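This report is meant for a reader who is seeing the structure for the first time. Please keep the sequence and the 3D view at hand while reading.

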Amino acid sequence: MNKECAIVQDLLPLYEEELLQEETKRFVEEHLQSCPKCRHIAEQSQIPLPVQVKPGSSSKKMIRKITVRLTTIQIFFVAIAFILAMSTTIMNDNKTFILTYAILGTVTYLFYRSVLVAVLLAGVPNFIWNCLLYMTDWFGEVYAESFSEALQLSLFSLIVHLLFTFIGIVIGFCILKIMEEN
């Protein structure tokens, strides 16, 4: 490649954007007429690039659509958390809560990448359900004699469930680290 070709190839982006002075523009055009290699490069660079998204109604529509989708997923996670809270309480002598809360912790941490959100999604529904279960007789059985005893049972259940949620969060964190390394 000679020196003139290198100069013209460096000027091509400015030439295409019509940012060259008249004399420089004529120089580039004359060279392109006489040099097939540079002409080929100029033709290749004139292939239209994808249009960038311009702010306006279409981007607002896209953001609204994404927001609706994320909200739907969040409602889904909250519903799953409530279902898990109702079906896997410690008082039911059901040990499946160990696996389900570890999975819930993993999935919510992988989705939100936030320990706080994973803990809240696992803990709040569990605590609310246990308060209803231990503090009322809605379900035909009273587990606690006093409010303080019911609150202690609810907090104990919450702590046990959150322990397995934290195990799931650690698993999710490890999965993210492994994915980052690859």
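**The chain as a whole**

The model is predicted. Across the chain the mean pLDDT is 82, and 84% of the residues reach 70 or more. Among the elements, helix α7 (residues 147-181) has the highest mean pLDDT, 91, whereas helix α4 (residues 57-87) has the lowest, 78.

The secondary structure consists of seven helices and zero strands. Read from the N terminus, the order of elements is α-α-α-α-α-α-α. The chain has 182 residues, and 30% of them are buried. Of the contacts between residues at least 6 apart in sequence, 57% join residues at least 24 apart.

**Helix pairs**

Two packed helices are described by the angle between their axes and the distance between the axes.

| Helix pair | Axis distance | Axis angle |
|---|---|---|
| α1 and α3 | 10 Å | about 25° |
| α2 and α3 | within 6 Å | roughly 110° |
| α5 and α7 | within 7 Å | roughly 45° |

The pair α1 and α3 packs at an angle of about 25°. An angle under 35 degrees counts as roughly parallel, and α1 and α3 are therefore roughly parallel to each other. Their crossing is right-handed. On the α1 side the contact is made by C5, Q9, L12 and E16, and on the α3 side by C38, I41, A42 and S45. By class, five of these residues are nonpolar, two are polar and one is charged.

Helix α3 (residues 36-45) also meets helix α2 (residues 22-34), with axes that cross at roughly 110°. Angles from 65 to 115 degrees count as roughly perpendicular, so α2 and α3 are roughly perpendicular to each other. The crossing of α2 and α3 is left-handed. H31, L32, Q33 and S34 of α2 make the contact with P36, C38, R39 and A42 of α3. The residues of this contact divide into four nonpolar, three polar and one charged.

The axes of helix α5 (residues 97-112) and α7 cross at roughly 45°. That angle makes α5 oblique to α7. The crossing of α5 and α7 is right-handed. From α5, the residues in the contact are F97, I98, Y101, A102, G105, T106, Y109 and L110. They meet V160, H161, F164, T165, G168, I169, I171, G172, F173, I175 and L176 in α7. The contact of α5 with α7 has 13 nonpolar residues, six polar residues and no charged residues.

Where does C5 lie? The residue is found in helix α1 (residues 3-16). Is C5 buried or exposed? Its relative accessibility is 8%, and because buried means under 20%, C5 counts as buried. Leaving out residues up to four places away in sequence, C5 touches H31, C35 and C38. C5 and C38 are 33 residues apart along the chain, and their C-alpha atoms are separated by 6.7 Å. Both C5 and C38 are part of the contact of α1 with α3, and C38 is also among the α3 residues that make the contact with α2.

V124 is placed in helix α6. With a relative accessibility of 40%, V124 counts as partly exposed. The C-alpha atoms of V124 and L158 are 8.5 Å apart in space, while the two residues are 34 apart in sequence.

Most residues other than glycine have a negative phi. Two residues are described here with this in mind.

E18 has a phi near 55°, a positive value in a residue other than glycine. E18 lies in the loop between α1 and α2. At 68% relative accessibility, against a limit of over 50% for exposed residues, E18 counts as exposed.

R113 is not a glycine either, and its phi is positive, at about 55°. R113 lies in the loop between α5 and α6 (115-135). The relative accessible area of R113 is 53%, which means that R113 is exposed.

Key
Residues numbered from 1 in each chain as written. Predicted model: local features only at pLDDT ≥ 70, side-chain atom pairs only at ≥ 80, totals over all residues. Heavy atoms only, no water. Helix = DSSP H or I, 4+ residues; strand = E, 2+ residues; numbered from the N terminus. Buried < 20%, exposed > 50% of the residue type's maximum accessible area, 1.4 Å probe, protein only. Contact = heavy atoms within 4.5 Å. pLDDT = per-residue confidence, 0-100. Axes fitted to C-alpha atoms, helices over the stretch in contact; angles between N-to-C directions. Parallel < 35°, antiparallel > 145°, perpendicular 65-115°, else oblique. Left-handed = near helix turned anticlockwise from the far one by under 90°. Nonpolar A, V, L, I, M, F, W, Y, C, P; charged D, E, K, R; others polar.
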